[in-house]
Structures are given as C-alpha cells and as structure tokens.
Amino acid sequence: MVVLSERAAVRRLHDRLGFGPRAGDLDRGFAETRDRLLGGGPDPGAAATPMPDPGPPPDKPGKNADQATKQQARKAVQAQATQAVGWWLDRMVAADLASVERLTWFWHGHFATGEQKVRSPRLMLAQNQTQREHALGSFTDLARAMVVDPAMLLWLDGNSNKAGKPNENLSREFMELFTLGIGHYTEDDVREAARALTGWTAKRDATGAQLVAKRHDNGVKRILGSSGDFDAESFVDLVLGRPESAPFVVGRLWSRLVSTTPPPPDTLNRLVAAYGSRRDISALLRAITGEAAFHDSGTSLVKQPVEWLAGLLRALGVRPGTLDGKTRDQLLAALRGMGQVPFQPPSVGGWAAGGAWLTTSAGVARLHAAQLVAAHADLGAVSKAQDKVAAIGELLGVDAWSDRTRTALAGVAGDARQLSTVAACAPEYVVSG
C-alpha cells in the first residue's frame with residue numbers, strides 16, 4: 001500500500017466528503033479539514049442560496065383536455081423541475097462546508113426518488129431538505145422520515161397501500177435497497193411490512209403526508225421473526241435493529257466514499273461500532289476517514305457526473321446561478337448527456353458507479369461541460385504562471401499529472417481556457433485518486 005501524502009489526503013477528504021477543494025483548501029492539515037467538514041457550524045455560502053418554492057404543480061388536465069392544454073401543463077412542471085435542479089447545483093457550488101451537500105447528494109442516491117413519477121418539484125425539494133437536515137445526523141431519524149416522505153410515497157405507490165389490499169413496493173425496497181440488502185428478509189416479511197405501512201397517503205399539491213386511520217391495518221403483523229401491531233415508525237426501528245442493517249449501511253457509504261472493494265471484516269467491525277446504537281452518520285464518516293484504506297493511493301473512485309461538475313465549478317469559481325439562462329440550460333443538457341441529472345435517478349436503485357460514467361458519449365458531454373465552465377472562469381493566474389500545466393493542476397487540486405497527460409496539457413498550454421478544458425477531462429481529475 002502506498003500511503004497518500006498529507007496534502008493528497010486533504011484533497012481526498014474534499015473529494016469524498018465534498019465536491020473537491022477550492023483555492024486555499026489544501027493548505028489546511030488533515031485533522032483540521034476533517035473537523036471542519038464534519039463539525040457543522042454556520043455556512044454563509046449555503047445560507048445565501050436559499051431553497052426556492054416553485055409552488056404546487058399545475059392541476060393535471062382532465063381526460064378530455066386537448067393536446068395544447070396537456071403540453072402546457074407538462075411544460076409548467078418541467079420548468080419547476082429545471083429550477084430545482086439548477087438551484088441544487090448552485091447550492092453545491094456555493095456551500096462553504098460542502099460536506100452537507102455532498103452527503104445530501106449521497107442520501108438522494110441511496111433513497112433514490114424520481115421527479116419523472118412524483119411530478120411535484122415542490123415535494124422533491126421537501127425531500128431534499130429532509131435529507132439535508134439529517135445528512136450528518138442519525139440514520140434512524142433519516143429512515144423514519146423517508147418511509148413516510150410524500151415524494152417517496154408517490155414514487156413507491158404508497159397511496160395504493162391500504163388495509164385489506166396492501167401494496168408491497170415500499171416495504172420491499174425499504175428492506176432490500178435502503179436498510180438490509182438482498183437475502184435478509186422473506187416474501188412474508190414484505191407482505192407483513194406492507195401492512196405496517198398502510199394508510200400513509202400523499203398529494204402532489206400538498207406539502208406533507210397524511211396517515212388516514214381508516215386505511216391503516218391495526219392488526220398484528222409478524223415481521224422478521226417479531227410479532228406486534230407494527231406501524232411505520234416501529235417497523236423502521238425493527239428493521240434497523242437487525243444485525244444485518246448496520247453492515248449494509250456502512251457498506252453503502254464505503255462503496256461511494258472509499259472503494260468499490262468491500263471493507264475487510266475487522267474494518268467493518270470497527271465502522272459498525274463507530275456507527276453505534278445511535279446510528280451516528282458523522283461518527284461513522286470520521287471513522288471511515290481514519291481507516292488505512294482511506295489513505296491508500298490505490299483506492300480510487302470515478303467521480304459521478306454531478307460530483308465532477310460541481311467540483312469543477314467550485315475549483316474555477318463559477319456559480320451556475322450567475323450564468324445566463326442559455327448557459328445554465330447547456331450545463332444541464334451536458335449533465336443529461338453524461339447520464340445523471342439530480343432528482344431524476346433511472347430507478348429506485350439509484351445511479352450506477354465506476355466505469356459506467358466513462359463511456360464515449362459521456363466523454364463528449366463532459367468535454368462540452370468543461371468548455372462551458374472554462375469560458376466563464378477567471379483563469380488569469382494560470383495564464384500568468386510560468387508552469388501553466390502545474391498551475392491548472394494546483395487550481396483543480398490534482399496531486400500530479402502522468403507523463404502522458406502532462407504532454408497533452410503542454411500542447412494546449414498557450415490557451416488557458418483550452419488547457420482548463422483538457423485538464424478537467426483528464427483521468428487524474430475525472431477519477432478521484
């Protein structure tokens with residue numbers, strides 16, 4: 001194992017717990033940086049980027065509505081959705097303590113919910129805020145909130161889940177994808193758990209979920225070997241108390257923040273202990289960053305498109321919210337071309353990881369996005385530097401360029417914007433080493 005230098009380890013902290021370093025971030029030590037990222041505290045940048053309220057979605061046109069009316073309604077919802085995506089990307093860039101947004105992004109992928117079915121940007125933003133509030137807190141609180149979240153209920157057919165006719169979508173995905181993993185429950189558990197979740201409903205034009213008593217099944221359920229009159233909260237507590245749950249949650253965070261190679265048993269045991277009975281996300285992250293694998297230069301991760309773009313915007317000091325409408329639309333189109341748009345996961349399983357982001361088509365979209373960002377960046381310091389290739393590496397937080405990349409960059413060093421574009425698409429930046 002080759003251990004990262006202190007500076008490279010600080011850069012990795014910003015990559016994995018944030019969206020990459022800004023100018024000056026690498027001058028702090030590892031312990032100080034970790035304390036800042038996990039300690040919370042005021043965030044002027046985030047506070048200056050408040051969440052918009054798009055209002056309720058337009059009324060759904062009736063069955064006899066003409067095509068023009070239906071198209072107008074679709075466009076109105078799409079405009080609200082675009083506003084939500086643009087705001088979150090801007091918030092990722094504006095935040096001074098990017099760890100909160102980064103972990104909110106992680107939980108969005110973990111509890112993947114899609115606007116394409118929810119069709120209420122306001123509810124998607126409400127879920128986003130809930131995940132933000134619990135991003136570094138207790139997984140217990142987060143899971144309890146998510147199981148009755150209005151957007152989640154619409155996404156996984158909670159409105160169809162009622163006493164006498166339970167819908168199993170939410171109960172199945174909650175155990176399989178969110179808390180336990182495949183193989184740790186039975187089909188009987190799914191059916192009985194669905195009964196525990198009956199009665200919770202959500203409306204697209206409302207702001208919260210409602211428990212309708214007459215739709216809730218008050219009978220005794222037998223779930224995971226335990227019997228009782230379980231409801232949503234007690235079901236969550238039962239599932240999270242299973243011995244398989246903590247290793248599953250730890251493993252999900254590990255795979256996205258450290259390595260796609262699962263942690264060895266002794267490491268897993270230490271991390272589960274740090275997570276503890278409070279299911280403390282911040283304590284778990286602190287423990288993860290103290291493991292040898294986090295400091296191993298070989299544990300690289302391909303940046304997801306949103307992480308890559310948010311990091312590039314932060315590094316080059318470009319705020320999406322200050323760009324003209326056309327450029328913002330082009331940036332979002334580039335994200336779509338790379339295969340990832342916030343609030344639009346492909347399925348309840350979330351987004352892919354690793355090499356899935358390195359396709360030829362994604363590379364073309366990434367190049368276009370890098371050109372857009374470079375066109376609006378202040379690259380004066382790079383232009384004036386004696387070693388421009390080193391200067392762009394410093395700006396992007398790249399530890400070192402390979403000989404091959406350095407040669408390619410040297411060939412375009414005379415044009416700072418072209419240099420920035422090529423550097424942003426180089427393996428050393430696309431992959432968090």
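This is a predicted model: local features need pLDDT of at least 70, side-chain atom pairs count only at pLDDT 80 or more; totals for chains, interfaces and linings use all residues.

Visitor: What volume does the largest pocket have, and which helix gives the most to its lining?
Guide: The volume of the largest pocket is about 440 Å³. Of its 17 lining residues, Pro-58, Lys-60, Pro-61, Val-77 and Arg-119 are the closest to the centre. With five residues, the element that gives the most to this lining is helix α4, residues 67-94.

Visitor: How many residues in the lining of the largest pocket are nonpolar, polar or charged?
Guide: Sorted by class, the lining of the largest pocket holds five nonpolar and three polar residues, and its charged residues number nine.

Visitor: How many cavities of 30 Å³ or more are there, and how much space lies in the largest?
Guide: A cavity is a space where a 1.4 Å probe fits but cannot get out, and by this rule the count comes to one cavity of 30 Å³ or more. Among the 24 residues that line the largest cavity, Arg-102, Arg-256, Val-302, Gln-304 and Glu-307 are the closest to its centre. The space in the largest cavity is about 290 Å³.

Visitor: Which element gives the most to the lining of the largest cavity?
Guide: Two or more lining residues come from each of α1 (6-17), α5 (99-110), α13 (245-257) and β5 (301-302). Domain 1 (137-297) and domain 2 (299-430) each supply at least three residues to the lining of the largest cavity, which divides into seven nonpolar, ten polar and seven charged residues. The element that gives the most, with five residues, is α5.

Technical notes:
Residues are numbered from 1 along each chain as its sequence is written. Side-chain values use heavy atoms; hydrogens and water are left out. On a 1 Å grid over the protein atoms alone, a cavity is a set of points where a 1.4 Å probe fits but cannot get out, and a pocket is an open set with protein on both sides within 12 Å along at least five of seven lines; lining residues have an atom within 4 Å of a point. Grid points are joined across faces, edges and corners, and a volume is the space filled by probe spheres set on the points. Helices (H or I, at least four residues) and strands (E, at least two) are DSSP runs, numbered from the N terminus. Ala, Val, Leu, Ile, Met, Phe, Trp, Tyr, Cys and Pro count as nonpolar, Asp, Glu, Lys and Arg as charged, and the others, Gly among them, as polar. Domain bounds come from an automatic or database domain assignment.
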